[in-house]
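I opened this notebook to record what I looked up in one structure. The entries follow the order in which I consulted the model.

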Amino acid sequence: MLVRMLPKLLLPVLALLLAGCETVVMSPSGDVAVQQRNLIVASTILMLLIIVPVIALTLFFAWRYRASNTDAPYDPEWNHSTALELVIWSAPLLIIIALGALTWIGTHTLDPYRPLDRIEAGRPLAPDAKTLKVQVVAMDWKWLFLYPDYGVASVNELAAPVDMPIQFQITASTVMNSFFIPALAGQIYAMPGMQTELNAVINRAGDFEGFSANYSGAGFSGMRFRFKALDAAGFDAWIAKARAEGGSLQREDYLQLEKPSERDPVRWYANVPADLYPAILNMCVEKTKMCMSEMMAIDANGGMGKEGLFNVSHLIYDQPRARGAHATIKGKDYVSALCPVPGAPAPSEHAARLAP
């Protein structure tokens with residue numbers, strides 16, 4: 001008796017548990033996320049145009065031609081129907097063509113690197129509209145946000161004005177992560193030594209959740225942050241608070257911040273050098289390390305032969321030290337240009353520009 005009643009008892013419990021779910025992906029507050037939601041809905045409807053009739057016909061045929069139904073027609077010699085073949089092949093083909101067109105348009109329209117051309121449906125972006133630039137660094141296990149136009153930074157808290165385009169420049173300090181604010185836009189990967197971008201806009205004030213959608217180690221579950229969508233006055237007040245209460249974020253401070261930690265509290269920085277993010281991106285916050293941009297410039301100039309092999313010993317990112325423990329910062333000690341040798345060709349102009 002209890003076994004028979006179990007499904008009836010579980011249904012109310014399941015409904016109660018699901019009542020607390022927040023379907024933010026299907027009810028977002030940013031225009032990019034809204035367009036992505038619409039793409040999901042349209043694709044689902046197109047696929048259901050095939051799936052629902054197939055399921056319905058499967059159930060109908062099973063009932064209509066069951067063994068006990070002696071009134072159903074029986075034709076063992078039947079083998080072909082032109083009309084049936086036309087329906088079977090044309091309907092899925094039309095659905096595939098529609099899905100392909102929808103995917104092609106959506107892929108280009110919602111390219112995260114593409115600058116925005118509208119604030120939301122029916123509101124085109126003004127030619128002189130200001131864009132907020134935010135540099136994002138995924139760390140172990142926290143998020144660092146830098147505002148280069150304001151000279152401030154924050155940990156585990158992101159703020160932006162409503163209806164202002166946001167350009168995110170995203171990288172990581174050690175391992176691959178994924179930057180995701182469901183209410184704003186889809187997830188974008190963050191990788192060390194590389195930069196990805198995301199252009200988005202938030203259209204409604206509120207306090208939203210952001211997190212990493214890519215497993216990155218022991219502290220992954222607590223790698224979350226708050227995204228505050230504010231009006232213009234509220235954003236100005238947030239910047240003023242960061243400047244008033246924030247500390248310094250020099251290279252030495254960043255190296256301490258970079259060490260693995262879990263569930264860090266929100267904090268702000270007011271003194272952030274402009275060259276910090278490029279150093280993070282090029283993996284040379286420690287001044288003893290060669291920046292990737294410098295290495296690529298040398299390679300683009302044809303390399304430096306065996307003399308340049310000395311540079312390679314400093315490029316192994318984690319081997320010389322335990323993860324999170326940094327060497328004492330000192331001057332550069334790698335080869336950046338060749339000295340002229342009597343009788344030998346002079347260094348190229350590009351190599352000469354690399355000399356310290």
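**Entry 1: the disulfide**

I began with the cysteines and found that the structure holds 1 disulfide. I note at the outset that the model is a predicted one. The disulfide joins Cys284 to Cys291, with 1.9 Å from S to S. A disulfide is a covalent bond between the sulfur atoms of two cysteines. I then looked up the torsion: the link of Cys284 and Cys291 has 85° about the S-S bond and is right-handed. Are Cys284 and Cys291 buried or exposed? I found both Cys284 and Cys291 buried.

**Entry 2: overall composition**

I looked up the secondary structure next, and the protein has 9 helices and 14 strands. As to burial, 36% of the 356 residues of the protein count as buried. I also checked the contacts in the protein with a separation of 6 or more, and 67% of them are accounted for by residues 24 or more positions apart.

In what order do the 7 strands of the open sheet stand? I read the order as 10-7-3-4-5-14-13, and the pairing is mixed. Strand 10 (196-200) and strand 13 (247-248) are at the edges with a single partner strand each, so one side of each is left without a neighbour in the sheet. Strands of a sheet pair through backbone hydrogen bonds, either parallel or antiparallel. Within this sheet I examined strand 4 (residues 143-147) and strand 5 (residues 152-155), which run antiparallel and are joined by 4 bridges. Leu146 stands opposite Ala153 in strand 5.

I then asked which strands helix 4 (residues 232-245) touches as it packs on the sheet. Helix 4 touches strand 3 (132-138), strand 4, strand 5, strand 13 and strand 14 (267-271). The direction of helix 4 makes about 75° with that of strand 14.

Tyr147 lies in strand 4 and Trp238 in helix 4, so the pair ties together parts that are 91 residues apart in sequence. I looked up the accessibility of the two residues: Tyr147 is buried, and Trp238 is buried as well. I also noted one aromatic cluster, formed by Trp143, Phe145, Phe168, Phe179 and Phe225.

I turned to strand 12 (residues 224-230). In the regular case, side chains of a strand alternate between the two faces of the sheet. Which residues make up the covered face of strand 12? I found Phe225, Phe227 and Ala229 on the covered face, and Arg224, Arg226, Lys228 and Leu230 on the uncovered one.

Strand 12 pairs with strand 6 (residues 157-161) in the parallel sense over 5 bridges. The bridge partner of Leu158 in strand 12 is Phe227. Strand 11 (residues 206-212) runs antiparallel to strand 12 and is joined to strand 12 by 6 bridges. Asp207 stands opposite Lys228 in strand 12.

**Entry 3: charges over rings**

Lastly, I looked for charged ends over rings. The charged end of Arg224 sits over the ring of Phe211, 5.1 Å from the ring centre. I also recorded Arg64, whose charged end sits over the ring of Tyr65, 5.8 Å from the ring centre.

Terms used. Residues are numbered from 1 along each chain as its sequence is written. This is a predicted model: local features need pLDDT of at least 70, side-chain atom pairs count only at pLDDT 80 or more; totals for chains, interfaces and linings use all residues. Side-chain values use heavy atoms; hydrogens and water are left out. Two strands pair if DSSP finds at least two bridges between them. Helices (H or I, at least four residues) and strands (E, at least two) are DSSP runs, numbered from the N terminus. Contact means heavy atoms within 4.5 Å. Axes are lines fitted to C-alpha atoms, for helices over the stretch in contact, and angles run from 0 to 180 degrees between N-to-C directions. Buried means under 20% relative accessible area, exposed over 50%, partly exposed in between (1.4 Å probe, protein chains only). A disulfide is a pair of cysteine sulfur atoms within 2.5 Å. Rings of Phe, Tyr and Trp (its six-membered ring) pair if their centres lie within 6.5 Å; planes under 30 degrees apart count as stacked, over 60 as edge-to-face and the rest as tilted. A charge sits over a ring if NZ of Lys or CZ of Arg is within 6 Å of the ring centre and within 35 degrees of the ring normal.
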